[in-house]
Amino acid sequence: MPYQFQLSEELETKGISLNLQKILENEAGAAGGSDAEAAAADWKKCDLIAKILASCPQQSLSPEDYYKDICPQILDLFHFQDKLTARQFQRVATTTFITMSRECPQLATEYLLQPLLAPLHRCLNTAEIPESDMVPGTILVTEEEVSRCIDDIYKVYVVGNEPLTVLMDSLLPVLGVLFSLYCFTKQSVSHIRSLCQEILLWILGKLERKKAIASLKGFAGLDRSAPSLHSLCQFRAATQGGIMITIKEAICDEDEALYQKVSSEQCQVEHLGDLLSHCQECGLAGDFFIFCMKELTHVAVENEAELKTQPFSSKSLLELEQHQTLLVEGQEQKLLVLQLMAVLCERMSEQIFTNITQVVDFVAATLQRACASLAHRTESTVESQTLSMSMGLVAVMLGGAVQLKSNDFAVLKQLLPLLEKVSNTYPDPVIQELAVDLRITISTHGAFSTEAVSVAAQSTLNKKDPEGKLEEQQQTGHERYTDVSHSHLEQQQSHEKSNQTGLKSSAPIIPQEVGEPSATVNQKSGSITIEQLQEVLLSAYDPQIPTRAAALRTLSRWIEQREARALEMQEKLLKIFLDNLEHDDSFVYLSAIQGIALLSDAYPEKILLGLLAQYDSNKDKHMPETRMKVGEVLMRIVRTLGDMVSKYREPLIHTFLRGARDPDSAHRASSLSNLGELCQRLDFLLGSVVHEVTACLIAVAKTDHEVQVRRAAIHVIVLLLRGLSQKATEVLRDVLKDLYHLLKHVVRLEPDDVARLHAQLALEELDEIMRNFLFPPQKLEKKIVVLP
């Protein structure tokens, strides 16, 4: 390299960029004008220059003096603007940065990493902000500093792609600020959003799994000790399209402060779900989901002794205040975990678990929660179903769905103590038997497997095979297992309900053929007898609430399985369900709602019009509560029909539009809610009535006196935009501007916070739709046309 000595002499005179430019230009000139681009792509030359820069020359007094002089020049190379040599300068700067960090990590931290990350360190919650900068509106980090900082981090970490310890440790403290910046960029268009996302995904993928989970805890707000954005700082859009960090104004209104805090936490959790949706292949999303499952165990079953306070006389006022603060923080943490679980369940796909270990950890977390619930006597139907599902998952793995090796059985053996505890303490004998059989199968490495394990495996698989394409023998075993599980589940629900209402009855809790484990109610079509059917029909009018509800659920199950004898009495079944719809107890009328929805799915033409007439009748003919229950039935029918709902578009839309003008405010809100469910499934078939629907929504949102009705109207727009997605620009082409003006009107003038929140969500949906419409994602594809 002929310029090595000259470059070494001029390092302390800030001549790196000039000498580097001279080298690259001369090399390009020597290669010829036509090969200039080829010479520019010669990365080996750039790497050689970087090695020279990273080596301390003999002329320097000490390595520290050399780093002090050269590091600012290295950082300046990232911002070189010449189009021909900018990529080479960045390559040299990145390689030099990484080489120095590898060879002299302490000096690189002081003279490279700290200046690089200084803008983010300035707004950390651990940083001390000078009093002169505490004035609200003061710009703490300028737009240019933020853009340069994020761009340089991306070039060093993501482009360089060297997970050195010093680089990882330096970036960890500012990850909270980076994630907050990423969340802010998701609210509008920003050129640094993709950079922030790539940086976060890179660091989460390179970190050790424990550190990655700890970082995600900090992002979600579960770890209050994690470094994050300072409470006095906020991100603001800058004049040049970038982002700057300023001191925010203090909020005096406690309600407004609480609202902003809750909204911010909700947005962060949702954006964290979006970020984790890109981390499923590496297994990080699955590990974090399991971590949340374990946290949910503590939330679901809280030790009552921890909530009991000592007598007031034994505590001072300060201690009482501190205790109450801890209780409030604990409740906030629990709500945050629940919200996080809801978002993860919504955003993650079925491939969230990538290996046997994650599946076993998930099952272990479920078993631990079941054992904890039993210890505190708080078991519920939901947990019983979850437990059955998780044990069925283990049965599927042991049944041959996954090729298990000896190492996999070593992982599965951690379930043995939990399965033993379930088999000894769980009240359901079916679960007990399955837990014992699973323990035997795991202990023998699959050499011995009982019929119950095969039945449970087929039961779980059949939930994903509703067409019934499995062999008849497998279906029979599945039916027997499902019958026993459902009968015990209904017995448990009936006992709980009777305990709550304080009713005592000498009659059986549910009909004999429903309650006995040996009875196979869930049989193939035409196998139920007339006597069984008549007894269940009589039980549907039993004065005891658990008996009546269990009979209704049995009838619903027969309808779902298309039992011939039950479907022959469709009119009588409809009358039974409608009569129970007026019952005051939710355990009864919810079972009736389910039955009517299933019956309408089988015979929509015969039942749907009658339900619409009953829903559309005035409140003098039917009680308002009954009309609301019929509205719930109609919503379930719309969801069940799916694309087939277009056949009944006219009567449904007309009924709901008339309901939007009903004198009863609850009925108006119900009609609008059903209208939203219908519109988001009609897609292009909405075209001819889109003006009527829009006019109705605008009138209600602006003029209705009831806040619940206005909320429902705005929520219809949210559902409409969310359901249509990218098709909204075509379906709503004529009314999109009117909807936009309505949403802006609500955001500015609506006094209700919830309605404003719905409007803001609708604007975000609309913003996402229009951005994708104006700037469609670029797809690299090649079309091959075969000529005739």
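Modeller: Helices (H or I, at least four residues) and strands (E, at least two) are DSSP runs, numbered from the N terminus. The expected span of a helix is 1.5 Å times one less than its number of residues. This is a predicted model, in which local features need pLDDT of at least 70, side-chain atom pairs count only at pLDDT 80 or more, and totals for chains, interfaces and linings use all residues. Residues are numbered from 1 along each chain as its sequence is written, and side-chain values use heavy atoms, with hydrogens and water left out.

Biologist: What is the mean pLDDT of the protein chain?

Modeller: pLDDT is the predictor's confidence in each residue, from 0 to 100. In the protein chain, 81% of the residues reach 70 or more. The mean is 77.

Biologist: Over residues 29-36, how many contacts beyond near neighbours in sequence does the model have?

Modeller: Contact means heavy atoms within 4.5 Å. Residues 1-8 have a pLDDT under 50, and the model gives them 16 contacts beyond four places in sequence. Residues 29-36 also have a pLDDT below 50. Beyond near neighbours in sequence, the number of contacts for residues 29-36 is one.

Biologist: How many helices and how many strands are there in the protein chain?

Modeller: The protein chain has 788 residues, and 48% of them count as buried (under 20% relative accessible area, against over 50% for exposed and in between for partly exposed, with a 1.4 Å probe and protein chains only). Of the contacts with a separation of 6 or more, 71% join residues 24 or more positions apart. In its secondary structure, the chain has three strands, and its helices number 38.

Biologist: What distance does helix H11 reach from its first C-alpha to its last?

Modeller: Helix H11 covers residues 193-206, which makes 14 residues. At 1.5 Å a residue, the span expected is 20 Å. The model comes close to that value, with a reach of 20 Å.

Biologist: Why is H11 described as largely enclosed by the rest of the structure?

Modeller: Among the buried residues of H11 are Arg193, Gln197 and Trp202. Leu200, Leu201 and Ile203 are buried as well. H11 is largely enclosed because its buried residues number 10 of the 14.

Biologist: In what order do the strands of the open sheet lie?

Modeller: Strands of a sheet pair through backbone hydrogen bonds, either parallel or antiparallel. Here two strands pair if DSSP finds at least two bridges between them. Three strands form this open sheet with antiparallel pairing, and their order is E1-E3-E2. Strand E1 (139-141) and strand E2 (233-237) each pair on one side only, so by the definition of pairing the edge strands are E1 and E2.

Biologist: Which residue in E3 is the bridge partner of Ala237?

Modeller: E2 and strand E3 (residues 243-247) run antiparallel and are joined by five bridges. They form a hairpin with five residues between them, and Gly241 in the turn has a positive phi of about 90°. Phe235 has Ile245 as its bridge partner in E3. For Ala237, the partner is Ile243.

Biologist: At about what angle does helix H10 run to E2?

Modeller: Axes are lines fitted to C-alpha atoms, for helices over the stretch in contact, and angles run from 0 to 180 degrees between N-to-C directions. Helix H8 lies across E1 and E3, at about 125° to E3. Helix H10 (residues 175-185) lies across E2 and E3, and its angle to E2 is about 35°.

Biologist: Is Tyr67 buried or exposed?

Modeller: Tyr67 lies in helix H5 (residues 63-77). Beyond four places in sequence, Tyr67 touches several residues, including Ala54, Met100 and Tyr111. Its relative accessible area is 2%, which means that Tyr67 is buried.

Biologist: In which loop does Asn161 lie?

Modeller: Asn161 is a residue other than glycine with a positive phi, near 55°. At 38% relative accessibility, Asn161 counts as partly exposed. Its loop is the one between helix H8 (143-159) and helix H9 (165-171).
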